[in-house]
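Here is my note to go with the model you are opening. Please keep the 3D view beside you and look up each residue as you read.

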Amino acid sequence: MGFFHISSRGSLPNFACVFIYFMLQQYSPSLTAYKRLPTREVKIGDLLLGNNNPIRIQTMTTTDTMDTEATVAQCIRCIEAGAELVRITAPSKKEAENLLHIKNRLKAAGYNTPLVADIHFTPNAAEIAARLIEKVRVNPGNYVDKKKFDLIEYTDAEYNAEIERIYERFTPLVKICKEYGTAMRIGTNHGSLSDRIMSRYGDTPIGMVESAMEFLRIARNESYHQVILSMKSSNPQVMVQAYRLLIQKMDEEFGECYPLHLGVTEAGDGEDGRIKSAIGIGTLLEDGIGDTIRVSLTEDPEFEIPVCRDIVKRYSNRIAHEPIQSFEDATALPYDPSNYKRRETITAGNIGTGHVPVVVADYSKVAAITPATLQAIGYKYDELLDKWNIGDMAADYIYTGSKVLDFALPGTLQVICDHDTWQAATDKTKYLPLVKADAFLNGNAPDATQYFVAADANTPWATQLQLLEKLKAHTNAVLCLSSSNAHRMPSMRRLLAEMIAKQVSNPVILMADSNDTTIDEQLITFATDTGGLLLDGFGDGIWLTANKEIQNLNITGRTYLEVKDQQQFLNNTSFSILQATRTRISKTEYISCPSCGRTLFDLQATTAKIRNATNHLKGVKIAIMGCIVNGPGEMADADFGYVGSGPGKITLYKSKEVVKRNVPSEIAVDELIQLLKDNDVWVEPAVMA
Ligand code: SF4
């Protein structure tokens, strides 16, 4: 436990503590049983948050804050959908003042939902809003500092002088909040860290933590505790690591934790936005971390709420249970949860270290498997030329259960089938056997060059340990790991950690099934249960199955990619999860802001247009940001940026550098394509025969 003394105001960060960040690994009350992280309680209007109160759901408006009618109407739509807090941008004093009109109009209509003013760069707007509404959000990266992208080397004296300056500028807001009973979020964004933080810590999770801690120390110094913190990034891996480190740091320095607001920024739209959000938010919620969530989608804000509810309801129904096996010493995990490193394995065929995680398509329930049915998983057969066209998102394995196929498969696709079926198959290089763990433990291993062992991480721990012993001696076995435990992801993680501790290096394919009935629920289940493991470096493959057929794969009014059937949905989801965890890049990545009152163009329509034109550019990261104030800072590690810079005007970026300023919006998408061509990343879209 650490303590904050008034004398440490203005002091340099303690580098011994920075080192300890990597040594301490306890960031959750339990890594195996579901328990909420204890946090302070914060009151926002009548809403209580933290301290085991329900996980609160929130969103942010996209209207112009000066358009009272439109903002009130949008707030009501969000509240009716279930938002418990609504954030509204206040870019200057006049918008901050108008928040009172919005609040009064909502009250008159019978809505007392607390409002939050979103502040960037403007302390004067924050100080007004803090007197008028229930909560303000400040960004410690730009509340006092102006970002110049200067990587200045600060001396200790200069660094301390900067902290002193923050103290002077930020304390008045803290005093106002304290006087008016207003809550505050100190909301760090990975993409908008100050030059001072960047110069000392770089673009890192630790830098994000220190950025918030500087402000939190000041609040505590004023005995002001109505504080919530967030550590957002468009990269779920960075975001998850930053929250874990923040918890450790608060515990070490203050001996307590403030409530946490979870979110992935610029997550985008459609299934990618949902998957990225579910991976980032869900991974933390699995460990009991998080008191309120926002899913940032490039869609109307009321569409964010059902996604939030689907995420949160997983935990409202999660009953307390005894884990199969706890960690004996949680401070000594055999891997570092705040520093990504993929678990090292032996290689079995194309699975394991040296290979990207593979995708297994489960066709065991497909009545008749024909060349045409493989189109859903990236293989299109051209009868005329007798050749297969293989897409970027083509599965690596197909599981057929008890079926042997009566046609020649593409060279890149192998078959996993049940052991009996494999024994009868003639081509034993194309077909590989799957055995259940109990059969593997009680009998002989298959006489195959490569085979798969299906195990449930919910079996007695002694049985799991026996399995690891046997696997260690069978280096051509790939473990296909699922769990029937209600707390699935942590139960699988427990066995995977034991594999590291016992040096059992067989590759592992992560299996997840879903009994959900909607597309959103299935995306959230798959993304959380496998994504959380991939973020910790576990998993050499992914195998998803849906136990219930979803009738409506294309939800109108939303921007889901078109999918024709369940197989295609599962295959797309597998590749999207791997992409979001950055473990296998197979498509273009879009970082698009959710838009807000600062947005200067139709962000949803423009995102769709850019996506249509560029979605064949595998691995290229394109940011589409609504405004020049925050857009360039928050587009993180995008390769190219399309940023609104004035009414009808777009500024194009290559990385963080401006390439073309104030391009008329009518030609801006074409200019973006030209920029991609000038930088040799453009290829003409392939036409599948
Ligand atoms: S980048 Fe987008 S969400 Fe962020 S302030 Fe600008 S318009 Fe609003």
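1. Let us begin with T292 and its surroundings. Besides its neighbours within four places in sequence, T292 is in contact (heavy atoms within 4.5 Å) with L49, I55, R56, I57, Q58, L85, L260, H261 and L262. One of these, Q58, also has a polar contact with T292, the two side chains being 2.9 Å apart. A polar contact is a pair of N or O atoms within 3.5 Å; within protein, one must be able to donate a hydrogen and the other to accept it, and residues adjacent in sequence count only if both atoms are side-chain atoms.

2. Is T292 buried or exposed? T292 is buried, because its relative accessible area is 0%; buried means under 20%, exposed over 50%, and partly exposed in between, with a 1.4 Å probe and protein chains only. T292 belongs to strand β10, residues 292-293. Helices (H or I, at least four residues) and strands (E, at least two) are DSSP runs, numbered from the N terminus.

3. A word on what you are looking at: this is a predicted model, in which local features need pLDDT of at least 70 and side-chain atom pairs count only at pLDDT 80 or more, while totals for chains, interfaces and linings use all residues. Residues are numbered from 1 along each chain as its sequence is written, and side-chain values use heavy atoms, with hydrogens and water left out.

4. Now for the charges. Side chains of opposite charge can pair when their charged atoms come close. How many salt bridges does the structure hold? There are 42, a salt bridge being a side-chain nitrogen of Lys or Arg within 4 Å of a carboxyl oxygen of Asp or Glu.

5. Take E302 and R77, a salt bridge whose closest N and O atoms are 2.9 Å apart. E302 is in the loop between β10 and α10 (304-316) and R77 is in helix α2 (residues 68-81), so the pair ties together parts 225 residues apart in sequence. E302 counts as buried at 15% relative accessibility, whereas R77 is partly exposed at 40%.

6. Next, find D536 and R244, whose salt bridge has its closest N and O atoms 2.8 Å apart. D536 sits in the loop between α15 (519-535) and β20 (541-546), and R244 in helix α8 (residues 236-254), 292 residues apart. Both residues, D536 and R244, are buried.

7. R314 and D529 form another salt bridge, with 3.0 Å between the closest N and O atoms. Because R314 lies in helix α10 and D529 in helix α15, this pair ties together parts 215 residues apart in sequence. Both R314 and D529 are buried. Through shared partners, salt bridges join E286, R314, R318, R488, D513 and D529 into one network.

8. Finally, the rings. The whole structure has twelve aromatic pairs: rings of Phe, Tyr and Trp (its six-membered ring) pair if their centres lie within 6.5 Å, and planes under 30 degrees apart count as stacked, over 60 as edge-to-face and the rest as tilted. Y335 and F538 are edge-to-face, at 5.0 Å centre to centre and 80° between the planes. This pair links distant parts of the chain, 203 residues apart. Y335 counts as buried at 9% relative accessibility, and F538 counts as buried at 1%. Elsewhere, ring pairs link Y143, F170 and F215 into a cluster.
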